[in-house]
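Please find below my note on the packing of secondary-structure elements in the model under review. The points follow the order in which I would examine the contacts.

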Amino acid sequence: MISIPVELQDDSYVIDVEQNSLERVGISLASLGNVSRVLLVTDDIVDSIYGNLVSESIVNRGLDLDVMVVPSGEESKSIDVAYSLWEHFLEAGADRRSVVVALGGGVVGDLSGFVAATYQRGIRFFQIPTSLLAQVDSSVGGKTAINLPRGKNMVGAFYQPCGVLIDPNVLSSLSVEHYQSGLGEIIKYGASLDDDFFLFLETNIGKINVRDSSVLEKIVARCCRIKAQIVAEDEKEVTGRRAMLNYGHTLGHALEAALGYGTLPHGYGVSIGSILAARLAARLAAKGDDRFIEINDAWIERQIDLTRKLGLPISLNDIGRSYSDSPETSPKNLLTLATSDKKSEFGLLNFILPVRLGKCIYVKNVDPEDVLAVLN
Ligand SMILES: NC(=O)c1ccc[n+]([C@@H]2O[C@H](COP(=O)([O-])OP(=O)(O)OC[C@H]3O[C@@H](n4cnc5c(N)ncnc54)[C@H](O)[C@@H]3O)[C@@H](O)[C@H]2O)c1
Ligand SMILES: [Zn+2]
């Protein structure tokens with residue numbers, strides 16, 4: 001087992017990563033102490049594969065259990081589904097000694113975290129992330145949210161779990177698309193924040209592609225460690241340090257929005273956005289900006305090679321699209337979308353750009369002409 005402490009001001013906790021740990025969920029929950037009831041929230045797909053195993057493990061420890069199954073998919077991050085969970089908690093007699101347990105991907109994690117944060121002003125919350133994206137990204141950092149019809153993650157709270165248990169073996173049942181989407185975030189961690197880790201990925205491509213669980217255990221733990229460190233330095237996104245997690249996201253988000261949310265898997269957007277950001281850095285270097293002196297064609301080729309070998313796209317062409325397909329994907333519209341991204345200061349084109357392997361910087365107010373040049 002690999003244990004990663006997440007050191008926060010008030011709510012420190014531990015992320016445990018271990019193969020086959022799903023079988024011992026009950027032990028982990030019982031060890032929290034003073035647990036009156038477990039409120040297990042999951043989605044229909046995850047429930048059909050792992051629901052029984054997890055329920056048995058909980059009941060076998062003598063804990064009272066309620067299971068709530070929501071439809072799989074982004075639509076469940078809604079006020080209606082949140083409301084039904086609050087009602088269900090009340091009916092089940094949930095109290096301050098109850099623990100909400102999220103078993104599923106980022107949707108179940110964000111939704112149940114938000115419901116746990118708000119029910120009776122906050123009851124304990126435990127995460128068992130089952131998608132690769134949730135294991136390496138969304139289960140770390142304490143962001144919880146639901147969507148509004150006109151905006152993703154518009155209502156939510158920073159709410160840290162009391163513990164996280166990750167079983168890399170569950171990734172064997174994940175669809176190819178969702179697996180690769182998680183890999184997009186993983187490459188991001190290596191390319192922008194950890195050069196040794198990038199090298200580790202390059203030397204383990206074959207094992208990653210066959211979902212070797214001991215390699216995945218190491219990868220998931222490393223990503224959690226990187227993100228936990230950054231979150232500890234900037235828990236509530238105040239200092240800007242947390243923005244360093246967003247390499248590839250400025251244009252990645254713009255592409256997701258242009259194609260209509262849910263069309264382009266998030267990790268694919270991150271992959272394409274990362275290559276574009278690398279090209280932007282190389283362009284700035286060629287124009288004499290010394291901060292990017294180490295970013296050249298060879299550097300970009302190395303990132304492209306890893307991205308491709310892990311089955312991810314490096315451009316819209318790779319997913320059978322082109323910028324000229326529609327007005328939405330035109331470089332001009334992508335610029336507009338990137339400028340109005342809620343994560344950027346409105347009206348400014350801000351990027352996380354690489355300065356060498358495993359190191360990136362926040363660059364404010366990039367010249368739109370330079371961005372257009374890499375998009376064309
Ligand atoms: N809180 C954060 O910091 C944060 C960070 C990134 C993303 N997110 C959010 O995460 C969500 C996306 O997460 P996601 O990609 O995990 O989506 P998801 O939760 O919809 O899971 C993807 C699909 O995989 C299925 N699934 C999950 N685990 C499985 C398994 N082991 N075997 C088989 N099928 C499995 C799910 O049923 C679903 O159909 C978005 O809503 C996004 O906003 C949050
Ligand atoms: Zn992301």
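1. In this predicted model, Leu-276, Arg-279, Leu-280, Arg-283 and Leu-284 of helix 11 meet Asp-370, Val-371, Ala-373, Val-374 and Leu-375 of helix 14, where contact means heavy atoms within 4.5 Å. Helices (H or I, at least four residues) and strands (E, at least two) are DSSP runs numbered from the N terminus. By class, this contact of helix 11 with helix 14 has 7 nonpolar, no polar and 3 charged residues. Here Ala, Val, Leu, Ile, Met, Phe, Trp, Tyr, Cys and Pro count as nonpolar, Asp, Glu, Lys and Arg as charged, and the others, Gly among them, as polar.

2. The axes of helix 11 (residues 266–286) and helix 14 (residues 368–375) come within 9 Å and cross at roughly 120 degrees. That makes helix 11 oblique to helix 14; angles under 35 degrees count as roughly parallel, over 145 as roughly antiparallel, 65 to 115 as roughly perpendicular and the rest as oblique. Axes are lines fitted to C-alpha atoms, for helices over the stretch in contact, and angles run from 0 to 180 degrees between N-to-C directions.

3. Helix 7 (residues 195–203) and helix 12 (residues 297–309) pack at about 50 degrees with their axes 10 Å apart, and are therefore oblique to each other. Phe-198, Leu-199, Leu-201 and Glu-202 in helix 7 meet Arg-302, Gln-303 and Leu-306 in helix 12. The residues of this contact divide into 4 nonpolar, 1 polar and 2 charged.

4. An open sheet of 7 strands has the order 1-2-9-6-5-3-4, with mixed pairing; two strands pair if DSSP finds at least two bridges between them. Strand 1 (2–6) and strand 4 (65–70) stand at the edges with a single partner strand each, so one side of each is left without a neighbour in the sheet. From one strand to the next, the twist averages 15 degrees.

5. Strand 3 (residues 37–43) pairs with strand 5 (residues 98–104) in the parallel sense over 6 bridges, and Leu-40 has Val-101 in strand 5 as its bridge partner. Helix 2 (residues 44–60) packs on the sheet, touching strand 3, strand 4 and strand 5, and its direction makes about 160 degrees with that of strand 3.

6. Strand 1 and strand 2 pair in the antiparallel sense over 5 bridges, and a hairpin joins them through 6 residues. Ser-3 has Asp-16 in strand 2 as its bridge partner.

7. Residues are numbered from 1 along each chain as its sequence is written, and chains are lettered from A and ligands numbered from 1 in the order in which they are written. Local features need pLDDT of at least 70, side-chain atom pairs count only at pLDDT 80 or more, and totals for chains, interfaces and linings use all residues, while side-chain values use heavy atoms, with hydrogens and water left out.
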